[in-house]
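Work through the exercises below with the sequence and the structure at hand, and try each task before you read its solution.

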Amino acid sequence: MKVEITVPTSTSEIPLKHYQDFLKLQQSSTDEEFIAQKMIEIFCGVQLKDVVKMKLTSINELVAHFNEIFSAKPKFKHRFKIGEIEFGFIPDLENITFGEYVDLENYLTKWEDFHKAMAVMYRPITQKVKDKYNIVEYTGAYEFEEAMRYAPMDVAISASLFFWTLGKELLEASLSYLNRETKKMTQSNLTSAQELNLQKIGVGIQVSTDLLKETLQSLTMSLSTDYLNVLPISHLKQKKTK
């Protein structure tokens, strides 16, 4: 049966909400063929009863298509629109408020909360002069979190990459600083009391260094993870032809 569907050509045409729905499905089901079919239902807005009537070759082509568009790393966007409202990224990160920082730290770790993180990072633009702009003062993620469920996925992905890269650079800088300080202390001429104190400090630094290395390794792995992890097409074919 021929089914007419609208296929997004890039992640800019997929709202964050659909991606969150897909991730929730992946966490609740182990049936790979069902997940592939639901992916098409979620991202193409077609009912599952129509998806199951589609040719296997069409399913395979769509799986490949979505894997391809989600593997692309979009450019960071300072501004974007949801309907008629234009949202802008925090203009000056160096002057971020404590409330913004704490909420970002909480919401950036899970994609299920990423609409809340987006509501911290992006808020309606109040004034704009060329590339300069001001945004609404931050009072809490609750104000725009529901609207941010409909933020384009390319914006969400690029924002996540921006903060993960920033976090990675900060971790690398901290690790480099600790290594330099450790080297300085071990090369200094110290008294017995200072050496004893240095041993205690050294243990603390080593623990901090090990923790930084572990966090950095985990963060690096996160950066290299695919945003869409669906069933390999070849497996679908094998399973269907048995």
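The exercises that follow concern a predicted model, and each task comes with a worked solution.

**Exercise 1.** Work out how strands S2, S3 and S4 are paired, and find a bridge partner in each pairing.

Solution. Begin with strand S2, which covers residues 85-89 and pairs with S3 in the antiparallel sense over three bridges. Within this pairing, Phe87 has Pro124 of S3 as its bridge partner. Next, turn to S3 and S4, which also run antiparallel and are joined by four bridges; here Lys128 has Tyr133 of S4 as its bridge partner.

**Exercise 2.** Describe the turn between S3 and S4, and decide whether Lys130 is buried or exposed.

Solution. First locate the residue: Lys130 lies in the loop between strand S3 (122-129) and strand S4 (132-135), and these two strands form a hairpin with two residues between them. Then consider the backbone, where Lys130 has a positive phi of about 55° although this residue is not a glycine. Finally, compare its relative accessible area of 76% with the cut-off for exposed residues, which is over 50%; Lys130 is therefore exposed.

Conventions:
Residues numbered from 1 in each chain as written. Predicted model: local features only at pLDDT ≥ 70, side-chain atom pairs only at ≥ 80, totals over all residues. Heavy atoms only, no water. Buried < 20%, exposed > 50% of the residue type's maximum accessible area, 1.4 Å probe, protein only. Pairing = 2+ DSSP bridges.
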